[in-house]
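The sequence and the model are shown below.

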Amino acid sequence: MSSHHQAAIALQALFNLANETEREVARSLDLNLTDYRALSALAQSGPVTVGTLAETLGATAATTTAIVSRLETKGYAERLRSGEDRRHVHVSATPAAAAGIVDLMRPLMDATNRHIEALPSARQDAVVDFLNVALTLMQDHLHSLSKKDAL
């Protein structure tokens with residue numbers, strides 16, 4: 001029997017299921033997981049440089065340029081040249097690609113929203129508080145793992 005609280009066990013199961021869902025969404029878009037993660041980052045961030053996207057992905061600029069090229073070929077991303085300085089290029093998800101991700105996730109988001117809104121206000125607040133703490137703990141853990149990799 002585990003010594004961890006049921007909430008911690010459920011959260012770990014949620015992380016595992018989120019990974020499976022991410023792979024399935026990528027497959028639905030005919031993308032590998034790395035390219036999907038780049039597209040998802042672009043859809044969330046708006047236009048960014050390849051260097052910024054590379055940092056977000058933890059990849060090299062060369063690898064990220066190849067990812068962007070694959071996304072561009074599939075019509076999921078576009079390069080945008082600056083009007084002032086044509087050397088400055090930003091990458092962004094196409095509106096159709098961003099909408100495609102939203103469409104695939106909308107049933108889950110809508111069902112979650114309905115469930116949360118049906119809870120009494122105090123329970124809604126408790127869920128939000130717990131998720132925010134879990135998010136912070138996960139960010140801290142990821143940071144500590146990344147620091148170990150750098151050693």
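How many positive and negative side chains does the protein have, and how far apart do the centres of the two sets lie? There are 14 positive and 17 negative side chains, with the centres of the two sets 5 Å apart; Lys and Arg count as positive and Asp and Glu as negative, while His and the chain ends are not counted. Each charge is placed at NZ of Lys, CZ of Arg, CG of Asp or CD of Glu.

The model is predicted: local features need pLDDT of at least 70, side-chain atom pairs count only at pLDDT 80 or more, and totals for chains, interfaces and linings use all residues. Residues are numbered from 1 along each chain as its sequence is written, and side-chain values use heavy atoms, without hydrogens and water.

The protein comprises 6 helices and 2 strands, in the order α-α-α-α-β-β-α-α from the N terminus. Of its 151 residues, 23% are buried (under 20% relative accessible area, 1.4 Å probe, protein chains only). Among contacts (heavy atoms within 4.5 Å) between residues at least 6 apart in sequence, 42% join residues at least 24 apart.

| Property of the protein | Value |
|---|---|
| C-alpha box along the principal axes | roughly 55 × 40 × 30 Å |
| Accessible surface | about 10,700 Å² |
| Share of that surface from carbon and sulfur atoms | 58% |

Helix α2 (residues 33–45) packs against helix α5 (residues 95–118) at an angle of about 105 degrees, their axes being 10 Å apart. The two helices are therefore roughly perpendicular (65 to 115 degrees). Tyr36, Leu39, Ser40 and Ala43 of α2 make this contact with Ala97, Ala98 and Ile101 of α5.

Note on methods
Helices (H or I, at least four residues) and strands (E, at least two) are DSSP runs, numbered from the N terminus. Buried means under 20% relative accessible area, exposed over 50%, partly exposed in between (1.4 Å probe, protein chains only). Accessible areas come from the Shrake-Rupley method with a 1.4 Å probe; for residues, only the protein chains shown count as cover. Axes are lines fitted to C-alpha atoms, for helices over the stretch in contact, and angles run from 0 to 180 degrees between N-to-C directions. Angles under 35 degrees count as roughly parallel, over 145 as roughly antiparallel, 65 to 115 as roughly perpendicular and the rest as oblique.
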